[in-house]
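The report that follows describes a single protein chain.

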Amino acid sequence: MRTLDLDQLRAFLVAADLRSFTAAGTCLGATQSAISLRIARLEEQVGRRLLARTPRAVGLTPDGARLLPHARAILAAHDRAWTELAGGEERASLRLAVSDHAAGAHLAPALASLRTALPRLVPDVTVGLSTAMREAYDRGEAEAAVVRQEGERRDGTPLFADPLVWAGSPALDWSPGEPVPLVALSGPCGVKAAAVQALDAAGLPWRHAFSGGSVTALQAAVRAGLGLGPFGARHLPEGCAAHSEGLPPLPTSRVVLLTRQDAHTRAILAAAFQAAGAPRERGAGA
(Lines give C-alpha, C1' and ligand atoms only; values in the text may rest on other atoms or scores of the structure.)
Protein backbone atom coordinates (compact mmCIF):
# COMPACT_ATOMS: atom_id res chain seq x y z
CA MET A 1 0.00 0.00 0.00
CA ARG A 2 1.34 3.40 -0.94
CA THR A 3 1.71 6.06 1.75
CA LEU A 4 1.96 9.84 1.62
CA ASP A 5 5.08 11.54 2.94
CA LEU A 6 4.26 14.12 5.62
CA ASP A 7 7.08 16.52 4.71
CA GLN A 8 5.94 16.47 1.09
CA LEU A 9 2.32 17.06 2.13
CA ARG A 10 3.35 19.97 4.34
CA ALA A 11 5.36 21.55 1.52
CA PHE A 12 2.39 21.15 -0.82
CA LEU A 13 -0.03 22.65 1.70
CA VAL A 14 2.04 25.71 2.57
CA ALA A 15 2.92 26.37 -1.09
CA ALA A 16 -0.77 26.09 -2.00
CA ASP A 17 -1.79 28.49 0.77
CA LEU A 18 0.90 31.06 -0.03
CA ARG A 19 1.02 30.43 -3.79
CA SER A 20 4.79 30.71 -3.60
CA PHE A 21 7.59 28.14 -3.31
CA THR A 22 9.98 30.75 -1.90
CA ALA A 23 7.58 31.82 0.86
CA ALA A 24 6.82 28.17 1.63
CA GLY A 25 10.53 27.52 1.99
CA THR A 26 10.90 30.42 4.43
CA CYS A 27 8.00 29.13 6.53
CA LEU A 28 9.36 25.58 6.58
CA GLY A 29 13.06 26.43 6.91
CA ALA A 30 13.97 25.06 3.49
CA THR A 31 15.18 26.40 0.16
CA GLN A 32 12.89 27.03 -2.78
CA SER A 33 14.49 24.13 -4.68
CA ALA A 34 13.91 21.79 -1.74
CA ILE A 35 10.22 22.71 -1.65
CA SER A 36 9.97 22.22 -5.41
CA LEU A 37 11.62 18.80 -5.10
CA ARG A 38 9.29 17.66 -2.30
CA ILE A 39 6.23 18.64 -4.30
CA ALA A 40 7.59 17.02 -7.46
CA ARG A 41 8.10 13.76 -5.55
CA LEU A 42 4.58 13.98 -4.13
CA GLU A 43 3.19 14.50 -7.63
CA GLU A 44 5.20 11.52 -8.85
CA GLN A 45 3.88 9.42 -5.97
CA VAL A 46 0.21 10.19 -6.63
CA GLY A 47 0.60 10.29 -10.40
CA ARG A 48 -1.14 13.65 -10.63
CA ARG A 49 -0.13 17.27 -11.23
CA LEU A 50 -1.08 19.09 -8.02
CA LEU A 51 0.23 22.63 -8.52
CA ALA A 52 0.22 24.68 -11.72
CA ARG A 53 3.26 26.90 -12.15
CA THR A 54 2.61 29.96 -14.30
CA PRO A 55 4.86 32.99 -14.96
CA ARG A 56 2.94 34.94 -12.30
CA ALA A 57 1.73 32.47 -9.70
CA VAL A 58 1.51 29.01 -8.22
CA GLY A 59 -2.03 27.64 -8.17
CA LEU A 60 -3.93 24.45 -7.50
CA THR A 61 -4.85 22.07 -10.29
CA PRO A 62 -8.22 20.24 -10.01
CA ASP A 63 -6.37 17.25 -8.52
CA GLY A 64 -4.54 19.54 -6.11
CA ALA A 65 -7.83 21.09 -5.01
CA ARG A 66 -9.16 17.59 -4.26
CA LEU A 67 -6.08 16.69 -2.22
CA LEU A 68 -5.92 19.97 -0.27
CA PRO A 69 -8.59 19.29 2.41
CA HIS A 70 -7.24 15.75 2.94
CA ALA A 71 -3.69 17.09 3.32
CA ARG A 72 -4.90 19.64 5.85
CA ALA A 73 -6.76 16.99 7.86
CA ILE A 74 -3.83 14.52 7.76
CA LEU A 75 -1.32 17.09 8.99
CA ALA A 76 -3.66 18.44 11.66
CA ALA A 77 -4.22 14.90 13.01
CA HIS A 78 -0.48 14.19 12.89
CA ASP A 79 0.40 17.39 14.75
CA ARG A 80 -2.22 16.75 17.44
CA ALA A 81 -0.96 13.19 17.93
CA TRP A 82 2.67 14.30 18.07
CA THR A 83 1.93 16.97 20.66
CA GLU A 84 0.04 14.51 22.85
CA LEU A 85 2.62 11.72 22.61
CA ALA A 86 5.46 14.15 23.20
CA GLY A 87 4.09 14.75 26.68
CA GLY A 88 1.44 17.32 25.88
CA GLU A 89 3.89 20.08 25.02
CA GLU A 90 2.41 23.41 25.94
CA ARG A 91 1.05 25.29 22.95
CA ALA A 92 2.27 28.85 22.59
CA SER A 93 -0.17 31.71 22.15
CA LEU A 94 0.51 34.57 19.76
CA ARG A 95 -1.55 37.73 20.03
CA LEU A 96 -1.62 39.11 16.50
CA ALA A 97 -3.08 42.50 15.53
CA VAL A 98 -3.81 42.94 11.82
CA SER A 99 -4.89 46.05 9.95
CA ASP A 100 -8.01 45.44 7.89
CA HIS A 101 -6.68 47.76 5.17
CA ALA A 102 -3.35 45.89 5.15
CA ALA A 103 -4.56 42.29 4.94
CA GLY A 104 -8.20 42.34 3.85
CA ALA A 105 -9.19 39.23 1.92
CA HIS A 106 -5.59 37.96 2.06
CA LEU A 107 -5.86 37.25 5.79
CA ALA A 108 -7.20 33.69 5.38
CA PRO A 109 -4.27 32.20 3.42
CA ALA A 110 -1.77 33.93 5.71
CA LEU A 111 -3.35 32.45 8.83
CA ALA A 112 -3.68 29.04 7.18
CA SER A 113 0.03 28.96 6.37
CA LEU A 114 0.89 29.98 9.94
CA ARG A 115 -1.14 27.06 11.32
CA THR A 116 0.68 24.64 9.02
CA ALA A 117 4.18 26.03 9.60
CA LEU A 118 3.73 26.50 13.38
CA PRO A 119 1.29 23.76 14.43
CA ARG A 120 1.79 24.41 18.17
CA LEU A 121 1.01 28.10 17.77
CA VAL A 122 -2.40 29.23 19.02
CA PRO A 123 -3.15 32.58 17.32
CA ASP A 124 -5.27 35.19 19.07
CA VAL A 125 -6.09 37.54 16.19
CA THR A 126 -7.61 41.02 16.30
CA VAL A 127 -8.46 42.90 13.10
CA GLY A 128 -9.03 46.65 13.06
CA LEU A 129 -7.68 50.01 11.93
CA SER A 130 -3.92 50.37 11.51
CA THR A 131 -3.75 53.08 14.16
CA ALA A 132 -5.59 50.97 16.73
CA MET A 133 -3.59 47.83 15.89
CA ARG A 134 -0.28 49.71 16.23
CA GLU A 135 -1.41 51.18 19.55
CA ALA A 136 -2.32 47.70 20.79
CA TYR A 137 1.16 46.53 19.88
CA ASP A 138 2.80 49.52 21.55
CA ARG A 139 0.82 48.87 24.75
CA GLY A 140 2.00 45.26 24.80
CA GLU A 141 -1.47 43.88 24.04
CA ALA A 142 -0.14 42.11 20.93
CA GLU A 143 3.16 40.34 20.28
CA ALA A 144 2.96 41.05 16.55
CA ALA A 145 1.11 43.44 14.27
CA VAL A 146 0.67 43.83 10.52
CA VAL A 147 -0.14 47.46 9.75
CA ARG A 148 0.11 50.16 7.15
CA GLN A 149 3.02 52.51 7.77
CA GLU A 150 1.63 55.90 8.74
CA GLY A 151 3.06 59.24 9.81
CA GLU A 152 6.76 59.58 10.53
CA ARG A 153 7.31 56.13 12.04
CA ARG A 154 9.64 53.93 10.05
CA ASP A 155 10.02 50.95 12.38
CA GLY A 156 9.02 47.42 11.54
CA THR A 157 9.93 44.87 8.89
CA PRO A 158 8.74 46.02 5.43
CA LEU A 159 6.43 43.46 3.84
CA PHE A 160 5.31 45.10 0.61
CA ALA A 161 4.38 48.41 -0.98
CA ASP A 162 0.67 48.88 -1.62
CA PRO A 163 -0.36 51.71 -3.98
CA LEU A 164 -3.71 53.27 -3.17
CA VAL A 165 -6.27 53.61 -5.97
CA TRP A 166 -9.80 54.94 -6.31
CA ALA A 167 -12.30 52.12 -6.76
CA GLY A 168 -15.70 52.48 -8.36
CA SER A 169 -18.50 50.27 -9.64
CA PRO A 170 -20.20 50.34 -13.05
CA ALA A 171 -23.34 51.12 -11.03
CA LEU A 172 -21.86 54.41 -9.78
CA ASP A 173 -23.74 57.51 -10.96
CA TRP A 174 -21.07 60.19 -10.74
CA SER A 175 -19.40 62.54 -13.20
CA PRO A 176 -16.13 64.50 -12.78
CA GLY A 177 -16.88 67.99 -11.51
CA GLU A 178 -19.52 66.79 -9.08
CA PRO A 179 -18.61 66.40 -5.37
CA VAL A 180 -16.76 63.11 -4.95
CA PRO A 181 -18.95 60.62 -3.02
CA LEU A 182 -16.40 59.28 -0.56
CA VAL A 183 -16.64 55.75 0.85
CA ALA A 184 -14.28 55.35 3.81
CA LEU A 185 -13.86 53.90 7.27
CA SER A 186 -15.40 55.78 10.16
CA GLY A 187 -13.01 57.24 12.73
CA PRO A 188 -9.29 57.99 12.25
CA CYS A 189 -7.85 56.12 9.27
CA GLY A 190 -4.61 56.70 7.38
CA VAL A 191 -6.12 55.61 4.05
CA LYS A 192 -9.07 57.96 4.47
CA ALA A 193 -6.73 60.78 5.53
CA ALA A 194 -4.62 60.26 2.39
CA ALA A 195 -7.73 60.39 0.18
CA VAL A 196 -9.10 63.55 1.83
CA GLN A 197 -5.71 65.24 1.64
CA ALA A 198 -5.44 64.42 -2.08
CA LEU A 199 -8.94 65.74 -2.78
CA ASP A 200 -8.36 68.94 -0.80
CA ALA A 201 -4.95 69.53 -2.44
CA ALA A 202 -6.60 69.20 -5.85
CA GLY A 203 -9.37 71.61 -4.86
CA LEU A 204 -12.06 68.98 -5.46
CA PRO A 205 -15.28 69.09 -3.43
CA TRP A 206 -16.32 65.86 -1.76
CA ARG A 207 -18.99 64.47 0.50
CA HIS A 208 -19.37 61.50 2.83
CA ALA A 209 -21.35 58.85 0.96
CA PHE A 210 -20.72 55.89 3.26
CA SER A 211 -18.84 55.36 6.54
CA GLY A 212 -18.20 51.78 7.58
CA GLY A 213 -16.43 49.81 10.25
CA SER A 214 -14.57 47.34 8.03
CA VAL A 215 -13.00 47.03 4.59
CA THR A 216 -15.63 44.42 3.74
CA ALA A 217 -18.38 46.97 4.41
CA LEU A 218 -16.60 49.56 2.24
CA GLN A 219 -16.21 47.06 -0.59
CA ALA A 220 -19.94 46.31 -0.42
CA ALA A 221 -20.80 50.01 -0.58
CA VAL A 222 -18.55 50.58 -3.58
CA ARG A 223 -19.94 47.50 -5.37
CA ALA A 224 -23.46 48.87 -4.79
CA GLY A 225 -22.49 52.13 -6.51
CA LEU A 226 -22.80 54.34 -3.43
CA GLY A 227 -19.51 56.10 -4.05
CA LEU A 228 -15.79 55.97 -4.68
CA GLY A 229 -13.44 54.38 -2.16
CA PRO A 230 -9.66 54.45 -1.67
CA PHE A 231 -8.24 50.94 -1.46
CA GLY A 232 -4.92 49.22 -1.79
CA ALA A 233 -4.64 47.98 -5.36
CA ARG A 234 -4.88 44.39 -4.10
CA HIS A 235 -8.19 45.05 -2.35
CA LEU A 236 -10.33 46.27 -5.23
CA PRO A 237 -13.94 45.15 -4.66
CA GLU A 238 -15.14 42.36 -6.90
CA GLY A 239 -16.54 43.68 -10.19
CA CYS A 240 -15.01 47.13 -9.65
CA ALA A 241 -12.15 48.91 -11.38
CA ALA A 242 -9.63 51.59 -10.53
CA HIS A 243 -10.91 55.05 -11.47
CA SER A 244 -8.64 57.92 -12.45
CA GLU A 245 -10.74 60.34 -14.52
CA GLY A 246 -11.41 63.52 -12.57
CA LEU A 247 -9.66 62.21 -9.46
CA PRO A 248 -6.25 63.01 -7.94
CA PRO A 249 -3.60 60.31 -7.68
CA LEU A 250 -3.20 58.61 -4.33
CA PRO A 251 0.10 57.74 -2.61
CA THR A 252 1.71 54.37 -2.17
CA SER A 253 1.83 53.12 1.39
CA ARG A 254 3.96 50.41 2.99
CA VAL A 255 2.71 47.44 4.94
CA VAL A 256 5.06 46.42 7.77
CA LEU A 257 5.36 43.72 10.40
CA LEU A 258 5.96 44.70 14.01
CA THR A 259 6.93 41.85 16.31
CA ARG A 260 8.82 40.95 19.47
CA GLN A 261 9.09 37.30 18.45
CA ASP A 262 12.31 35.40 17.79
CA ALA A 263 13.95 35.55 14.38
CA HIS A 264 12.46 32.21 13.25
CA THR A 265 8.87 33.19 14.07
CA ARG A 266 9.43 36.66 12.62
CA ALA A 267 10.59 35.16 9.32
CA ILE A 268 7.53 32.87 9.16
CA LEU A 269 5.13 35.73 9.93
CA ALA A 270 6.78 37.94 7.32
CA ALA A 271 6.72 35.23 4.65
CA ALA A 272 3.05 34.43 5.28
CA PHE A 273 1.84 38.01 4.95
CA GLN A 274 4.25 38.95 2.17
CA ALA A 275 3.08 36.06 0.00
CA ALA A 276 -0.58 36.61 0.83
CA GLY A 277 -0.55 40.32 0.07
CA ALA A 278 2.33 40.98 -2.30
CA PRO A 279 2.40 40.46 -6.08
CA ARG A 280 2.97 36.87 -7.09
CA GLU A 281 6.48 35.86 -7.98
CA ARG A 282 7.57 35.64 -11.58
CA GLY A 283 9.31 32.70 -13.09
CA ALA A 284 8.68 28.99 -13.28
CA GLY A 285 9.94 28.43 -9.79
CA ALA A 286 7.66 31.00 -8.22
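Which residue just after α2 takes a positive phi? Gly 29 does, with a phi of about 65 degrees.

## Basis and overall make-up

This is a predicted model, in which local features need pLDDT of at least 70 and side-chain atom pairs count only at pLDDT 80 or more, while totals for chains, interfaces and linings use all residues. Residues are numbered from 1 along each chain as its sequence is written, and side-chain values use heavy atoms, with hydrogens and water left out.

The protein chain has ten helices and eleven strands, where helices (H or I, at least four residues) and strands (E, at least two) are DSSP runs, numbered from the N terminus. Of the 286 residues in the protein chain, 45% are buried; buried means under 20% relative accessible area, exposed over 50%, and partly exposed in between, with a 1.4 Å probe and protein chains only. When contacts (heavy atoms within 4.5 Å) are taken between residues at least 6 apart in sequence, 77% of them join residues at least 24 apart.

Helix α2 spans residues 21–28, and its buried residues include Phe 21, Ala 23, Ala 24, Gly 25 and Cys 27. The N-terminal end of α2 is capped by Ser 20, a side-chain oxygen of which lies 3.4 Å from the backbone nitrogen of Thr 22.

Helix α1 (residues 6–18) packs against α2 at an angle of about 125 degrees, with the axes 8 Å apart; axes are lines fitted to C-alpha atoms, for helices over the stretch in contact, and angles run from 0 to 180 degrees between N-to-C directions. That angle makes α1 oblique to α2, given that angles under 35 degrees count as roughly parallel, over 145 as roughly antiparallel, 65 to 115 as roughly perpendicular and the rest as oblique. On the α1 side the contact is made by Arg 10, Ala 11, Val 14, Ala 15 and Leu 18, and on the α2 side by Phe 21, Ala 23, Ala 24, Cys 27 and Leu 28. With helix α3 (residues 32–46), α2 packs at an angle of about 100 degrees, again with an axis separation of 8 Å, which makes α2 roughly perpendicular to α3. Here Phe 21, Thr 22, Ala 24, Gly 25 and Leu 28 of α2 meet Gln 32, Ile 35, Ser 36 and Ile 39 of α3.

Strand β3 (residues 92–99) runs parallel to strand β4 (residues 121–128), to which eight bridges join it; two strands pair if DSSP finds at least two bridges between them. Three bridges join β3 to strand β5 (residues 144–148), also in parallel. Ala 97 has a bridge partner in each neighbour, namely Thr 126 in β4 and Ala 145 in β5, while Leu 96 has Ala 144 as its bridge partner in β5.

Strand β5 is mostly covered, five of its five residues being buried. Ala 144, Val 146 and Arg 148 point one way from β5, and Ala 145 and Val 147 point the other way. In a regular strand the side chains alternate between the two faces of the sheet. Five bridges also join β5 to strand β11 (residues 252–259), which runs antiparallel to β5, and Val 146 stands opposite Leu 257 in β11.

## Helix α6 and individual residues

Helix α6 (residues 107–117) is mostly covered, with eight of its eleven residues buried; these are Leu 107, Pro 109, Ala 110, Ala 112, Ser 113, Leu 114, Thr 116 and Ala 117. In helix α7 (residues 130–138) lies Arg 134, which counts as buried at 9% relative accessibility. The side chains of Arg 134 and Gln 149 are joined by a polar contact of 2.9 Å.

Thr 61, in the loop between β2 (58–60) and α4 (62–85), is buried, with a relative accessible area of 13%; leaving aside neighbours within four places in sequence, Thr 61 is in contact with Arg 49, Leu 50, Leu 51 and Ala 52. Ser 175, in the loop between β6 (157–168) and β7 (180–185), is partly exposed, with a relative accessible area of 37%. The C-alpha atoms of Ser 175 and Gly 246 are separated by 8.1 Å, although the two residues are 71 residues apart along the chain.

Definitions and conventions. A polar contact is a pair of N or O atoms within 3.5 Å; within protein, one must be able to donate a hydrogen and the other to accept it, and residues adjacent in sequence count only if both atoms are side-chain atoms.
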